[in-house]
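Q: I'm new to this one. Can you walk me through a few spots?

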Amino acid sequence: MPNEMSEASGNVSVEFRLSLKDTGRDTDLLDSFSLNLTPRLTQLTLGELIDTVFPDDAAAFDEILESLDVKSNPDLPEIYLALSEIFGTWRLGECALRFFSKPGPEILLSQPVRDHLSPSSDGAQTHGQVLDIVVEQTFDVLANFEARGGDKSVLLQWLEGMTLLYFIDKHGFQLQPDTQDEAAQRVLHIASDLQSREILTPSDITGRLEIAEEGRRTLGEMIAETESYIDQFDVFKDVAYDLDDNAVEFGMGNGADYRVQVYDAEGLDVHRTVFLLRMYDGTLDELLNDWLESIHRADIFNEVLRPVLDRDRVDDDIIDWIIESGFAHNEEQADRNRERDSQQAIVKRIQP
């Protein structure tokens with residue numbers, strides 16, 4: 001309970017520090033969250049302590065948030081909120097967390113906190129102890145898809161096929177059916193599937209696999225599909241709302257990105273939608289140097305599809321309100337564009 005915890009001060013003997021592991025991605029959570037614990041809480045397991053400090057109960061959460069010492073660290077509430085969101089995502093089963101002593105080995109949630117205390121190096125707490133924990137967050141989109149009843153093998157087959165098609169189309173990758181190159185040989189079965197669907201076909205002149213008429217049609221349809229998603233849903237990539245004022249703002253530069261939640265609410269296949277958008281915006285180009293060697297690695301597609309799970313989210317009733325407001329905003333913008341185009345057409349007609 002909050003009355004069994006206090007913010008960092010020199011009067012409490014055990015300081016709990018929690019930070020997010022640097023995985024090479026931009027993050028604002030590399031600074032440690034710090035909270036002092038009473039000795040009783042050090043008798044808990046790590047899992048029990050996490051549930052106590054980052055409770056799922058809204059009232060307990062608010063009490064802890066209000067008790068944070070913003071004088072010693074003005075960023076502490078923001079860090080706490082961000083970490084709480086991570087634990088909320090974890091409890092939903094949409095990410096995996098591993099915990100490590102800093103420095104030291106991995107700590108299991110079932111292990112007692114007291115086994116991982118170390119002497120404080122802070123001069124203000126020369127007789128105190130520290131529980132310094134680093135959290136590693138990962139997103140296994142494919143495993144989550146399978147756990148929710150999806151066919152992982154079918155999804156991977158489609159992802160691999162579209163990736164091969166992308167590099168043939170955009171980067172001119174050349175693949176001979178009788179290639180002796182080991183890396184190229186590993187994608188022949190992917191190419192064979194595309195051939196069976198008449199997306200690829202051997203060239204009459206060179207023999208290498210080229211994009212067939214059906215493949216061009218498929219690419220054109222995917223581009224049109226993706227651009228329709230951009231037209232309809234890009235408004236939801238920057239959303240700020242105020243429940244008290246009953247107001248929603250779009251495109252102000254300081255909002256949250258609710259696109260994936262909107263795709264889901266609108267009944268779209270979020271894995272397909274996210275992949276098409278990432279392919280369209282050039283994300284796959286980041287794989288240019290090693291895609292041929294890594295195309296069979298699930299972690300590559302987990303990273304490409306990361307926004308499926310690593311995303312902003314709100315309650316269902318709020319997202320419904322945001323969707324209604326966003327579509328109304330789109331319609332108003334379309335009306336303004338039509339009016340502007342009409343005025344420009346009139347000006348052109350009357351100009352000599």
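Predicted model: local features only at pLDDT ≥ 70, side-chain atom pairs only at ≥ 80, totals over all residues.

Q: Let's start outside. Which residues gather in the patch of negative charge on the surface?
A: Asp264, Glu266, Asp315, Asp316, Asp317, Asp320 and Glu324 form that negative surface patch.

Q: Which helix gives the most to the negative patch?
A: Helix α13, residues 316-350. Four residues of the patch come from α13.

Q: Where is Glu324 found?
A: Glu324 sits in helix α13.

Q: And is Glu324 buried or exposed?
A: Exposed. Glu324 has a relative accessible area of 60%, and the cut-off for exposed is over 50%.

Q: New topic: strands. How many bridges join strand β10 to strand β11?
A: Four bridges join them. Strand β10 covers residues 239-242 and strand β11 covers residues 247-250.

Q: Do they run parallel or antiparallel?
A: Strands β10 and β11 run antiparallel.

Q: What is the bridge partner of Val239 in β11?
A: Phe250 is the partner of Val239 there.

Q: How many residues lie between the strands in the hairpin of β10 and β11?
A: Four residues lie between them.

Q: Which residue in that hairpin takes a positive phi?
A: Asn246, with a phi near 55°. Asn246 has this positive phi although it is not a glycine. Its place is the loop between β10 and β11.

Q: Buried or exposed, that Asn246?
A: Asn246 is exposed, at 58% relative accessibility.

Q: Let's move to Glu198. What is its phi?
A: Glu198 has a positive phi of about 60°. Glu198 is not a glycine either.

Q: Where is Glu198 found?
A: In the loop between α7 and β8. Helix α7 spans 188-196 and strand β8 spans 200-202.

Q: Why does Glu198 count as exposed?
A: Because its relative accessibility is 57%, and exposed means over 50%.

Q: Now the inside. Where is Phe16 found?
A: Phe16 belongs to strand β2, residues 14-20.

Q: Why does Phe16 count as buried?
A: Because Phe16 has 0% relative accessibility, and buried means under 20%.

Q: What separates the C-alpha atoms of Phe16 and Asp132?
A: A distance of 6.1 Å separates those C-alpha atoms. Along the chain, Phe16 and Asp132 are 116 residues apart.

Note on methods: Residues numbered from 1 in each chain as written. Heavy atoms only, no water. Patch = residues over 30% accessible without salt bridge, like charges linked within 9 Å, V, L, I, M, F, W, Y side chains within 5 Å. Areas by Shrake-Rupley, 256 points an atom, 1.4 Å probe, with all protein chains shown as cover. Salt bridge = Lys/Arg side-chain N within 4 Å of Asp/Glu carboxyl O. Lys, Arg positive; Asp, Glu negative; His and termini not counted. Charge placed at Lys NZ, Arg CZ, Asp CG, Glu CD. Helix = DSSP H or I, 4+ residues; strand = E, 2+ residues; numbered from the N terminus. Buried < 20%, exposed > 50% of the residue type's maximum accessible area, 1.4 Å probe, protein only. Pairing = 2+ DSSP bridges.
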